[in-house]
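Have the model open in your viewer and keep the selection tool handy. We will go from stop to stop, and at each one you will hear what to select and what is there.

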There are 2 protein chains.
Amino acid sequence: MNSSEWFTEQAASTGTAFSLKITKKLHEEQSDFQHLEIYETETFGNLMIIDGCTMVSTRDNFFYHEMMSHPALFLHSNPKRVWIIGGGDCGTLREVLKHKGVEQAVQIDIDERVTRLAEIYFSELCESNDDPRADLKFIDGIKWVKDAAPNSVDLIIVDSTDPIGPAEGLFGEEFYRDCIACLSENGLLVQQSESALLHLNLIIEMRDAMKNAGFPHQQTLFFPQCLYPSGWWSATIASKAELAFRANDCANKDFETTYYNVDIHNAAMAQPEFFKKAFA
Amino acid sequence: MNSSEWFTEQAASTGTAFSLKITKKLHEEQSDFQHLEIYETETFGNLMIIDGCTMVSTRDNFFYHEMMSHPALFLHSNPKRVWIIGGGDCGTLREVLKHKGVEQAVQIDIDERVTRLAEIYFSELCESNDDPRADLKFIDGIKWVKDAAPNSVDLIIVDSTDPIGPAEGLFGEEFYRDCIACLSENGLLVQQSESALLHLNLIIEMRDAMKNAGFPHQQTLFFPQCLYPSGWWSATIASKAELAFRANDCANKDFETTYYNVDIHNAAMAQPEFFKKAFA
């Protein structure tokens, strides 16, 4: 399916594939952890591929990065300390740092090469990397969480690749127990959770694992993401306390977004009928 | 991009392509109007292709058919007479007829072969074709609307192919004027309006044409649709009266849906930030 003109991601287990027309290969390397490719596309700007999977494009990353950050930040009463596990393209970090109340944002991605390439090919996503509140670490996020002290973080954002390869350990009960141990009293976790159309069982297993680990509340959010299988993506929140949306703060936010706003926040929380039944 | 194993729709002008893994070609013909193909896929059930574009699959058509019908039906105070322009696969007709208050549902698709093939390969979508309230006509929908008497319909659903080929005339001011002329006092029109990510200008032009034709109110709805370009689709409503959602009727509906419910209705109405700005 890959020709000189198109890059195709075959999500083989789902029987679907998505392609973007490419005009140039900009870079290719094997890092210590993953195979990385950067293309210039005809209509989506630059495109990063990790291990054959589309990760981020210039044109449509705003859906994912905004929805991985702002809903969770506005669902916490006062998030000051944020960790991003994964997120090496720095787009989630940029969104998190738009919140002036955030005092510290630590990005922990095992693969420094992802960030170095993002700085070149997705420089707009990296524009807050020099913010004094930002701390970029290139180490194992699973170990980072395991070794953390109690009450050391308010919000953990798991912005990872699919649950195979380096990210597999981020989707299990043991990791969630470690998150609970280091989260503050009203702390919460938000994690990308694939497509509810194609990977419903994964979301069911994740939420079970979150519950078994001791998170009393789970909430899945839905949003478009053209680049990912089915074009419809999700994030799942696990929280220690009941979620309460700071709608006034959101309505009066002092920063720009492209997709997210108060109505979109509420829309993302709406549970499709088949999804409700799967959890009934 | 088409191989013996995958069917690929290249939405060439958007620089994107979507593919489904196929296991068998079930049918192919040139009707009087269009080129029709039916495939069996590995994970999406059966798949209908019209003029090279993916139209409907067994697995994911519920998003589209539910969102083309129920929001508009619950936004009208008492819809009794419904016309479906296009919709030859009969999936929208089936959803419309779930509403007991609907007394007459006329489906007007120019290509009878689409319906005859749907009866064979998507029989579940055709299960209400024998309902005494259903009337299937295989004639030109544009002419049907032009020739209609005043106050002869409460809701017009335009469930058409893309605005090229036979469907082109359904996306213009003249057609919308003809709709206004035959709609009842509180009547409304709902029309598939492509992807807000890929075809924003089309939606802007449609809404301008609706307004210029004399519809005082427009509202665009958003929903996932894996099979269509970007995986994120829209429908645009034009109405004579202000829209008022019959939320109680929706909450107490006496039929099953797979995606749609009260929360999803409200979610679909949420306007993304970039979309609001485009219409500001």
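Start by selecting Met67(B): helix 1 of chain B has a kink of about 30° there, shortly before the proline Pro71(B). The bend at a residue is the angle between axes fitted to the seven residues ending there and the seven starting there. Helices (H or I, at least four residues) and strands (E, at least two) are DSSP runs, numbered from the N terminus.

Before moving on, a word on the model itself. This is a predicted model, in which local features need pLDDT of at least 70, side-chain atom pairs count only at pLDDT 80 or more, and totals for chains, interfaces and linings use all residues. Residues are numbered from 1 along each chain as its sequence is written, while chains are lettered from A and ligands numbered from 1 in the order in which they are written.

A residue is buried if 20 or more other C-beta atoms lie within 10 Å of its own, exposed if 12 or fewer, and partly exposed in between, with C-beta atoms placed from the backbone.

Next, bring up the sheet of chain B. Seven strands form an open sheet in the order 8-7-6-9-10-12-11, with mixed pairing. Its edge strands, each pairing on one side only, are strand 8 (134-137) and strand 11 (217-224) of chain B. From one strand to the next the twist averages 15°. Helix 1 of chain B packs on this sheet, touching strand 9 (153-159), strand 10 (183-192), strand 11 and strand 12 (232-239) of chain B, and its direction makes about 160° with that of strand 9 of chain B. Helix 5 (residues 173-182) of chain B packs on the sheet too, at about 145° to the direction of strand 10 of chain B. Axes are lines fitted to C-alpha atoms, for helices over the stretch in contact, and angles run from 0 to 180 degrees between N-to-C directions.

Two strands pair if DSSP finds at least two bridges between them. Here Ala105(B) stands opposite Ala134(B).

Show both chains now. How many residues does each chain give to the contact? Chain B gives 35 residues and chain A gives 35 residues. Residues are in contact if their C-beta atoms, placed from the backbone, lie within 7 Å. Strand 2 of chain B gives the most to the side of chain B that touches chain A, with six residues. Strand 2 (residues 16-30) of chain A and strand 2 of chain B pair in the antiparallel sense over five bridges; look for Ala17(A) opposite Ser19(B), and Leu20(A) with its bridge partner Thr16(B).

For a last stop, select Glu194(A), in the loop between strand 10 (183-192) and helix 6 (200-213) of chain A. Its phi is near 65°, a positive value in a residue other than glycine. Glu194(A) is buried, with 25 other C-beta atoms within 10 Å.

Note on methods: Contact = placed C-beta atoms within 7 Å.
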